[in-house]
Amino acid sequence: MESIMKKNIYKGLFIALAIVGLFGFLAIENPAFAVDERVRQASEVLAENSPIKMPSDIFTILFKIVKYAYTIFFIVAIIFIIIAAFNFLTAQGDPEKIKGARAQILWAVVAIAIALISVGAAQIIQTFLKP
């Protein structure tokens with residue numbers, strides 16, 4: 001019983017020393033982490049030219065990205081539908097060509113669904129991140 005208590009005391013002391021050592025290391029000023037004046041000036045210049053001035057600007061950038069992705073997916077979907085329609089017209093009853101044209105239409109619908117989901121996902125992200 002006494003040896004178990006000694007082991008527990010030693011474990012406690014070891015954990016306490018490890019914690020103190022870790023926080024002591026973090027408290028010591030390390031010259032490797034010192035900020036050079038040139039680095040500070042460069043970071044200020046970059047911050048001035050950054051399009052993100054406030055946290056709400058992240059939403060603006062996110063919406064621009066979503067808008068472009070939305071547009072690209074719809075353009076691709078329209079191109080796929082036009083190609084699929086051409087394949088239907090030139091299939092002349094060939095089951096393989098008709099099957100391929102139906103697959104193209106399916107992927108066009110998938111592109112439209114992804115475009116719509118991207119808009120919805122942006123709205124959901126904004127709802128969760130706004131205070």
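## Ala 101 and its contacts

Leaving aside residues up to four places away in sequence, Ala 101 touches Ala 84, Asn 87 and Phe 88. In this predicted model, Ala 101 is placed in helix α4. Its relative accessibility is 0%, which is under the 20% cut-off, so Ala 101 counts as buried. Between Ala 101 and Ala 84 there are 17 residues of sequence separation, and their C-alpha atoms are separated by 4.7 Å. Ala 84 is itself one of the buried residues of α3.

## Helix α3

Helix α3 covers residues 56-90, which is 35 residues. At 1.5 Å a residue the helix should span 51 Å, and its end C-alpha atoms are 52 Å apart, so the two values agree. The buried residues in α3 are Asp 57, Phe 59, Val 66, Ala 77 and Ala 84. Helix α4, residues 95-129, is included in what covers them.

Ala 69 also lies in helix α3. Its relative accessible area is 26%, and Ala 69 is therefore partly exposed. Ala 69 and Ser 118 are 49 residues apart in sequence, while the C-alpha to C-alpha distance is 7.8 Å. Ser 118 is among the buried residues of α4.

## Helix α4

The buried residues of α4 pack against α3.

Ala 113 is another residue of helix α4. With a relative accessibility of 34%, Ala 113 counts as partly exposed.

## The loop between α3 and α4

Gln 92 is found in the loop between α3 and α4, just after α3. Gln 92 has a positive phi of about 55°, although it is not a glycine. At 76% relative accessibility, which is over the 50% cut-off, Gln 92 counts as exposed.

## Rings and charges

The charged end of Lys 67 sits over the ring of Tyr 68, at 5.8 Å from the ring centre. Aromatic pairs are absent: a search of the whole structure finds zero of them.

## The chain as a whole

The protein chain has four helices and zero strands. Read from the N terminus, its elements run α-α-α-α. The chain has 131 residues, and buried residues make up 10% of them.

The protein chain exposes about 11,000 Å², of which carbon and sulfur atoms supply 74%. Among contacts between residues at least 6 apart in sequence, 61% join residues at least 24 apart. Between α3 and α4, the packing is described from both sides: α4 is part of the cover over the buried residues of α3, and the buried residues of α4 pack against α3.

How values were computed
Residues numbered from 1 in each chain as written. Predicted model: local features only at pLDDT ≥ 70, side-chain atom pairs only at ≥ 80, totals over all residues. Heavy atoms only, no water. Helix = DSSP H or I, 4+ residues; strand = E, 2+ residues; numbered from the N terminus. Expected span 1.5 Å × (residues − 1). Buried < 20%, exposed > 50% of the residue type's maximum accessible area, 1.4 Å probe, protein only. Contact = heavy atoms within 4.5 Å. Areas by Shrake-Rupley, 256 points an atom, 1.4 Å probe, with all protein chains shown as cover. Phe/Tyr/Trp six-rings, centres within 6.5 Å; stacked < 30°, edge-to-face > 60°. Lys NZ or Arg CZ within 6 Å of the ring centre and 35° of its normal.
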